[in-house]
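Student: I have a new structure open and would like to learn how to read it. Could we go through some features together?

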Amino acid sequence: MLNPYAQHQVDSPHRIVIVGGGAAGLELATRLGNGVGKRRRAEVILIDRFPTHFWKPLLHEVASGQIDASSHQIDYASHAKWNHFRFEQGALSSIDRERREIVIDETTDSDGRPLLPRRTLAFDTLVLALGSVTNFFSIPGAEQHALTLETVEQAETFRRRLLSSLLRSGHAGAVKTPVSVTVIGGGATGVELAAALRGTAEMVRDYHLASLDPASDIRIRLLEGAPRVLPALPERISLRAQDVLAGLGVEVRLGCRVKSVDADAVSTADGETLASDITIWAAGVEGPAVLRRLEGLPLNRLGQVIVDGSLQIGADSGVYAMGDCAACPAAKGDALVPPRAQAAFQQAVYLADALARRLDGRAVPMFAYRDQGTLISFGRAGAAGALMSELLRRPLFIDGWFAATCYRHLYRRHIMGLTGIKRAVMYAASQWLRERVRPTVKVN
Ligand SMILES: Cc1cc2nc3c(=O)[nH]c(=O)nc-3n(C[C@H](O)[C@H](O)[C@H](O)COP(=O)(O)OP(=O)(O)OC[C@H]3O[C@@H](n4cnc5c(N)ncnc54)[C@H](O)[C@@H]3O)c2cc1C
């Protein structure tokens, strides 16, 4: 196989193609653009199926109507222009590693009319940063009947369905039955969404859209198969989350295995059928389906690309994977780097430096993941979590407004990393102003 970095000596400039402009891909494209791209050391191209970027950890706030997604989206084309890389919209269809080419599907507009044709793009270095998709674990009916929270569109679908159900219920007269929402999966996404929903009902009532009693006219259930919510986090955070959810009137069922999902009910392994107007599946992730169709990519059981400590699929292959779509060894033991925004960020920072070093023929260290802790938002009920650092010998548990401030800071840090301090301040100011002139819950 050709050494892609040696080839750079002959045909300049070296072309780095990044597929997926999420937490990992957009951070990498921005850093490379402002480094090797600006110095014309390499041509940097970012591909994404959508025209705008949205930070996924905010999706539960879109779903509960607390934020308007449009004021948090970053337009790839303008961001690329300001940061010295090129953007092309389209979905990855195939990779030819021998010819060092990828094929991008035809792009269509929102009415399904063709915008850009199916096309081939050559690369010297390829970085896959495609994220993850919902894992339904082959549970009958789950994919057909449950909603998911992977994209802004899906979060908006949930919000609209919740709002319609609340309005219908609020105008049902004497025979009113509560709207039942079932959240399947007590990980971070499920807990954060369940905690935010009571606040949504309160806000709908406050705008006099429907005569609702937010405490009794919406029934929120959270089903988790493990003996506690947030099973991957320290027990102290789980117990705090369970307390907060109980205080918000969320019915949490632990050790509850879902057997099947129907349009209006969820059946559990112990024979119960729970009525459910809206069911949301938040029980796990796996690699995107397109990866299973690509020939010659090493995949693990969850369909993630297996990479080594340099994030490559083989030494000097010049093909990398990072973020949720990669199965990357963590520093210690057999554990893998978890599918989290902080891991995606650290891998992007690492790869921006590693690729620049390779272009200069300098030595490249291996990637080492550092767990900096986890924060869970409970909406208006604050946040809780644990911070980790090399200075602290054990996790530092935080709660209340301080945890909520740290949680907000994660998003601000993401925006600041992408846009720089000046633009990040302007973004924050414009979002603050828009929040002052829009309803506290998105109602249309
Ligand atoms: C509701 C929710 C809440 C979360 N909360 C937290 C949290 O609080 N803390 C935390 O650390 N993590 C959280 N996460 C996880 C975190 O969002 C992910 O770990 C992180 O976004 C992974 O980054 P990524 O770049 O790998 O993937 P993504 O950010 O998902 O980006 C993938 C990109 O690839 C693009 N793409 C996909 N397929 C194709 C294709 N075929 N062709 C072209 N482009 C494609 C997508 O459009 C997307 O832009 C949350 C996730 C969700 C869904």
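This is a predicted model: local features need pLDDT of at least 70, side-chain atom pairs count only at pLDDT 80 or more; totals for chains, interfaces and linings use all residues.

Student: Where is Gly225 found, and which residues does Gly225 touch?

Tutor: Helices (H or I, at least four residues) and strands (E, at least two) are DSSP runs, numbered from the N terminus. Gly225 sits in the loop between β14 (218-223) and α8 (235-247). Two residues are in contact if their C-beta atoms, placed from the backbone, lie within 7 Å. Leaving out residues up to four places away in sequence, Gly225 touches Gly255, Cys256 and Arg257.

Student: How is the chain divided into domains?

Tutor: Domain bounds come from an automatic or database domain assignment. Here they give domain 1 (4-132 + 287-360), domain 2 (142-283) and domain 3 (372-439). The C-alpha centres of domain 1 and domain 2 are 33 Å apart, and ten residues of domain 1 are in contact with 14 residues of domain 2.

Student: Which residues are closest to the ligand, and why does the ligand lie between two domains?

Tutor: A residue is near a molecule if its C-beta atom, placed from the backbone, lies within 6 Å of it. The ligand is surrounded by 34 residues, and the closest are Gly20, Gly22, Lys56, Gly131 and Gly323. Domain 1 and domain 2 both give residues to this shell, so the ligand lies between them. Among the elements that each supply at least two residues of the shell are α2 (23-37) and α7 (188-206).

Student: How far is Gly225 from Gly323?

Tutor: They are 98 residues apart in sequence and 26 Å apart in space, C-alpha to C-alpha.

Student: And what does the chain come to in helices and strands, and how much of it is buried?

Tutor: There are eleven helices and 26 strands, and 43% of the 444 residues count as buried.

Terms used. Residues are numbered from 1 along each chain as its sequence is written. A residue is buried if 20 or more other C-beta atoms lie within 10 Å of its own, exposed if 12 or fewer, and partly exposed in between; C-beta atoms are placed from the backbone.
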